[in-house]
Amino acid sequence: MELLNLSVLSGPAILFPENPFYQLLLLILITLGGVLITVSVHLIPVGGAPAAMAQATGVGTGTTQLAAGAGLTGLLVAVSVYVLSGSGLICVLLGGIGSTIMISIVMLISNIGYIYGVGVPPASGKASRDPITKDRQDTYVSKGTEGHGIPTAAFISGAAGGIIGGIGGSLIFVVLLKASGLSGDDAAAILPISVILSIALFFVNAVIASYNIGGTIEGFYDPKFRKVSKAAAVSAVITLICGILCLYTMIQFGGFGLMAG
Amino acid sequence: MDPLIGMGVLALVGAVAAIAGYTEDLESVVGSQSNPNSQVQLAPQMKYPHRLFNKAISGEPLSNGLAAVVGAVISVSLEFYADLSIITVIVIGSMAAMIIHMILAATSFFGRIASQSRFKQPLYMDVFKTNLPVIAAYAFMTTACILIICYLMAAYLDIQIPIPLLALILGITVGSIGSSVGDIQYGAECLYQNLEFGSGVNAAYSGNIVRKAASGIRSGIDNSWFSSKFGGPTTGIAFAAVLFMTSWITVLFNPAWGGAVGWCGLIAGVLFIAATAAANRYLEKSARRNFGPYRKDEKTEGAE
């Protein structure tokens, strides 16, 4: 079950650095991580500046900023789990959980702000009924606004986005660290570089998604979500190019374990 | 490490994080930095000149990330080369970050207000002189708290990330939370106290911000007094909860004790997320029950 663990003695040949297709596999995994981040940003309900005035449904900040906050929290969890356990799989999964915890707390306390600070019930402006709870939405939208707060469907969508984005960011981090082929103290020395590169790839993909969304999105039931395939394609191309550069950097730093050995 | 010590450190981290979130939100409110800045920027164009401090250095996450990194780099360098105690280097690092933040706030204020001269917005030097020290104090507090958290995490929680990088991550996170949680009350309530409570801000009223305080003309300091009662504390609670709940999984269910313990942490995380979703649903239902709909049900439903 160990993801790409170089110490496993059995398993498919492609999991070994000696295999010529090993770097290709790493590149594909990085690209997958980038695409996951782009998709996740589409799922998180963000209302941008209008949401801060209770004029739009979602969390009241920019897409990139919220996604970056959630993704970096997940990355922090992923790094500490990786340092403690050395297992790639559990690190990636707990990275996703860390992101989701951050985004869930932000959405819950934002709703407390909307309900007790502003006095508006959560309501969606894009759907007349909540796709999950089937509650009526349009009558709860106050005049001159496009909804406010985070209704249940948007909350579930945001949690799903958090877990997908966290997994994507942590996957990039683990793959880049493994690409160096180092372990022990050497891996600890190179860890900050893989963290910086994964933060960079996170921002690149969050900005791609942000352009596609254009300010506000409520989640999977928003009509804008149908444009996700375009952003995923763009993200795949750009993450592939950035991934080659990142892999080159890590291999240069780490010597790929072959030259060092 | 002993899990009891880990929990104690986490409690301390949570307490410091609450202060960091609180001061971060109030700093952005005094300078009207975040998303509601669009309204402060719009007001003179709608013929409502004001006496608010108007700075938008960048989005809150990036400006806080910058301040935290500047503070952390200077602290770590001083610790290495000057052999000073950690408390001293944290104070010196935070002061350096505060000075850079003040320079950015000052240039941003003059640039933004000067660009609105065609809309007859005056540039008040007394607003600049009275509000800038408040912004500086809050920026100092936020950076110092972030640095304290970084040093605690690096020393006790076995995080192998170097302190400046950790400060960048935490700075971006606190800005992200302050921007999304704390600004709701500032943007939707504090700036629009002239509108009836219990409704979102009608787009037709954009720019019509409140310009009078309880006594005299309103400035950023009056806004921070208003936000310190709700927006600031919720931001603090949110940041503390995020740091506590994400570190709690790895401290109590330390994956170093074996793979199965790591999976237990995963299950605990999923349970916590389910609990927040349930709490959100309860809040939504109670708000709808207590507030009621804005209009009668006679309208036909739109297309799904």
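Helix α3 of chain A passes helix α4 of chain A in a right-handed crossing; a crossing is called right-handed if the near helix is turned clockwise from the far one by less than a right angle, and left-handed if anticlockwise. This is a predicted model, where local features need pLDDT of at least 70, side-chain atom pairs count only at pLDDT 80 or more, and totals for chains, interfaces and linings use all residues. Residues are numbered from 1 along each chain as its sequence is written, while chains are lettered from A and ligands numbered from 1 in the order in which they are written. Helices (DSSP runs of H or I, at least four residues) and strands (runs of E, at least two) are numbered from the N terminus.

**The α3–α4 pair in chain A**

- Two packed helices are described by the angle between their axes and the distance between the axes.
- Here, α3 covers residues 63–85 and α4 covers residues 88–118 of chain A, and their axes come within 7 Å and cross at roughly 145°.
- Those axes are lines fitted to C-alpha atoms, for helices over the stretch in contact, with angles running from 0 to 180 degrees between N-to-C directions.
- On the α3 side, the touching residues include A:G69, A:G71, A:G74, A:V77 and A:Y82, and on the α4 side they include A:I90, A:G95, A:G96, A:G98 and A:M102.
- Being in contact takes C-beta atoms, placed from the backbone, that lie within 7 Å.
- Sorted by class, this helix contact has 13 nonpolar, nine polar and no charged residues.
- For the classes, Ala, Val, Leu, Ile, Met, Phe, Trp, Tyr, Cys and Pro count as nonpolar, Asp, Glu, Lys and Arg as charged, and the others, Gly among them, as polar.

**Chain A as a whole**

- Chain A has seven helices and two strands, and from the N terminus on they go α-α-α-α-β-β-α-α-α.
- Its radius of gyration is 20 Å, close to the 18 Å that the globule rule gives for 261 residues, so chain A is as compact as a globular protein of that length.
- That radius is taken over C-alpha atoms, and the globule rule is 2.2 Å times the number of residues to the power 0.38.
- Along the principal axes, the C-alpha trace of chain A spans about 70 × 35 × 30 Å.
- Of its 261 residues, 64% count as buried; buried is 20 or more other C-beta atoms within 10 Å of a residue's own, exposed is 12 or fewer, and partly exposed is in between, with C-beta atoms placed from the backbone.
- Take the contacts in chain A between residues at least 6 apart in sequence, and 74% of them join residues at least 24 apart.

**Chain B as a whole**

- Chain B has nine helices and zero strands.
- The C-alpha atoms of chain B fill a box of roughly 65 × 60 × 35 Å, taken along the principal axes.
- Of the 304 residues of chain B, 51% count as buried.
- Among chain B contacts with a separation of 6 or more, 78% come from residues 24 or more positions apart.
- Chain B is split into domain 1 (3–177 + 189–252) and domain 2 (253–290), with bounds that come from an automatic or database domain assignment.
- The C-alpha centres of these two domains of chain B lie 29 Å apart.
- Their contact takes five residues from domain 1 of chain B and seven residues from domain 2 of chain B.
- On the domain 1 side, the touching residues are four nonpolar, one polar and no charged.

**Where the chains meet**

- 75 residues of chain B are in contact with 72 residues of chain A.
- On the chain B side, α2 (37–42), α6 (163–190), α8 (231–252) and α9 (259–291) each supply at least two residues.
- Helix α9 of chain B gives the largest share of that side, 18 residues.
- The chain B side divides into 37 nonpolar, 27 polar and 11 charged residues.

**A few residues to look up**

- B:F110 sits in helix α4 (residues 86–114) of chain B and counts as partly exposed, with 14 C-beta neighbours inside 10 Å.
- The C-alpha atoms of B:F110 and B:K55 are separated by 8.5 Å, though the two are 55 residues apart along the chain.
- A:K134 is in the loop between β1 (123–124) and β2 (147–148) of chain A, and its phi is near 65°, a positive value in a residue other than glycine.
- A:K134 is exposed, with 9 other C-beta atoms within 10 Å.
- B:K120 lies in the loop between α4 and α5 (125–156) of chain B and has a positive phi of about 65° although it is not a glycine.
- B:K120 is exposed, with 9 other C-beta atoms within 10 Å.

Notes. Two residues are in contact if their C-beta atoms, placed from the backbone, lie within 7 Å.
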